[in-house]
Amino acid sequence: MNRKTIFFTGKEQIEVREEPVEPPRAGELLLQTTRTLISTGTEGIVLTGNFSPGTHWDRWVSYPFRAGYSHAGRVVGIGEGVEGWKIGDRAATYGGHTSYEIVQATQAVRIPEGVSDEDATWAALGSTTQIGARTANHIMGDSVVVIGLGLLGQLVNQYARLLGALDVIAVDTAPRRLEMAAAHGATETLQMSAADALPHVERITRGRRADVVYDVTGNPVVFATALPLARDLGTLVLLGDAGNPQEQRLTPDVIKRGVRIAGAHMTHAPAGHTPGVRWSRYGMRELFLTYLQRGQMRVKDLNTHRYKPEQASEAYTMLQRERATAMGVIFEWA
């Protein structure tokens, strides 16, 4: 059996290739893909090659590169020794943009009833942003600033509300992104750059500034303008993974005002069950899907574009051209 897979074959080069699929081995599931979600920030950096030598991007990215990691599908094959799964079950995984995917059964999260495959593709990003929210050590009544309301920022916005924030201040230059944030829990929206936001944040927070600031832009120059938005001894969470981190600059806020800087990345939590660790990436994806099922979080109306795999070049070109208005871009496989 063959499968179709989207590859980045070089900078700004995309191909849909056919390749063979082996039967699942012991402990594995074979999934027929139904939907995948483009992770705009990560895939954009990989596709454009916009990263510096010596960074983790430079060590990770090698062309041809199998694109994607936000995947949903149905079980069509079960390897020896796998228990608890049957043919036809739905699963959310870290699989790529491909028509069939082999995954470890222990890493596949069951999609609950009432959650669509399309919405379940957000589970990988739901886990990553949950790591950021846990890193922030939120307290009920926090004032929170979210800079950059792309896919990750939209989820951070909802987690902040879910965790009891008093103020959730969304900062972005794109009005459509701010409209989405307001519809999903932001209490204030500021259509401007972070560099211009300080007086507005001080007004909203009654002069205190924010307890937690999230820089979810992936733009290294934003870092220095985000630091002043945090209160004395507040926290800045870096969740956008810049391709050129050497351009991020510290300011006197770090020493003089004691602003804590916390980096958050998907690899900061173990993939699966680990003794002594309450929340693995598996557990956080499962929790995120439960929040979707209960209506405590919502992504359905964040899915703005849908493409067939054969339209991959068109999809990525659109994202570069219409990034201010596009949000969830879905590939429809089956």
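This is a predicted model: local features need pLDDT of at least 70, side-chain atom pairs count only at pLDDT 80 or more; totals for chains, interfaces and linings use all residues.

Biologist: Switching to helices: which residues of α6 are buried?

Modeller: In α6, which spans residues 175-183, the buried ones are Arg 177, Leu 178, Met 180 and Ala 181. Viewed down the axis of α6, these buried residues fall within an arc of 160 degrees, so they line one face of the helix; the arc is taken over the directions from the helix axis to the C-beta atoms.

Biologist: What covers the buried residues of α6?

Modeller: The cover includes α5 (151-162), β10 (167-172), β11 (188-191) and β15 (303-307). Just after α6, Gly 185 adopts a positive phi of about 120 degrees.

Biologist: In what sense do β10 and β11 pair, parallel or antiparallel?

Modeller: They pair in the parallel sense, over four bridges, and two strands are said to pair if DSSP finds at least two bridges between them. Val 171, for instance, has Leu 190 in β11 as its bridge partner. The chain passes from β10 through α6 to β11, a β-α-β crossover that is right-handed; that label applies if, with the strands pointing away from the viewer, the path from the first strand over the helix to the second runs clockwise.

Biologist: Now charges. How many salt bridges does a search of the whole structure find?

Modeller: The search finds 23 salt bridges, each being a side-chain nitrogen of Lys or Arg within 4 Å of a carboxyl oxygen of Asp or Glu. Side chains of opposite charge can pair when their charged atoms come close.

Biologist: Take Arg 66 and Glu 101: what do their side chains meet in?

Modeller: Arg 66 and Glu 101 meet in a salt bridge of 3.9 Å, N to O. Arg 66 belongs to strand β4 (residues 65-66) and Glu 101 to strand β7, so the pair ties together parts that are 35 residues apart in sequence. Arg 66 is partly exposed at 33% relative accessible area, whereas Glu 101 is buried at 9%. Arg 3, Glu 19, Arg 66 and Glu 101 are linked in a network of salt bridges.

Biologist: And what does Arg 257 form with Asp 232?

Modeller: Arg 257 and Asp 232 form a salt bridge whose closest N and O atoms are 2.9 Å apart. Arg 257 lies in the loop between α9 (253-256) and β14 (260-263) and Asp 232 in strand β13 (residues 230-238), so this pair joins parts that are 25 residues apart in sequence. Arg 257 is buried, with a relative accessible area of 14%, while Asp 232 is partly exposed at 45%.

Biologist: Last topic, rings: how many aromatic pairs are there in the whole structure?

Modeller: There are six aromatic pairs; rings of Phe, Tyr and Trp (its six-membered ring) pair if their centres lie within 6.5 Å, and planes under 30 degrees apart count as stacked, over 60 as edge-to-face and the rest as tilted. Phe 8 and Tyr 316 form an edge-to-face pair, at 5.2 Å centre to centre and 85 degrees between the planes. Phe 8 is in strand β1 (residues 2-10) and Tyr 316 in helix α11 (residues 312-321), so the pair ties together parts that are 308 residues apart in sequence. Both Phe 8 and Tyr 316 are buried.

Biologist: Which cluster do ring pairs link Phe 8 into?

Modeller: Ring pairs link Phe 8, Trp 57, Trp 60, Phe 65, Tyr 316, Phe 331 and Trp 333 into a cluster. Within that list, Trp 60 is partly exposed at 44% relative accessibility, and Phe 65 is buried at 12%.

Methods: Residues are numbered from 1 along each chain as its sequence is written. Side-chain values use heavy atoms; hydrogens and water are left out. Buried means under 20% relative accessible area, exposed over 50%, partly exposed in between (1.4 Å probe, protein chains only). Helices (H or I, at least four residues) and strands (E, at least two) are DSSP runs, numbered from the N terminus. Contact means heavy atoms within 4.5 Å.
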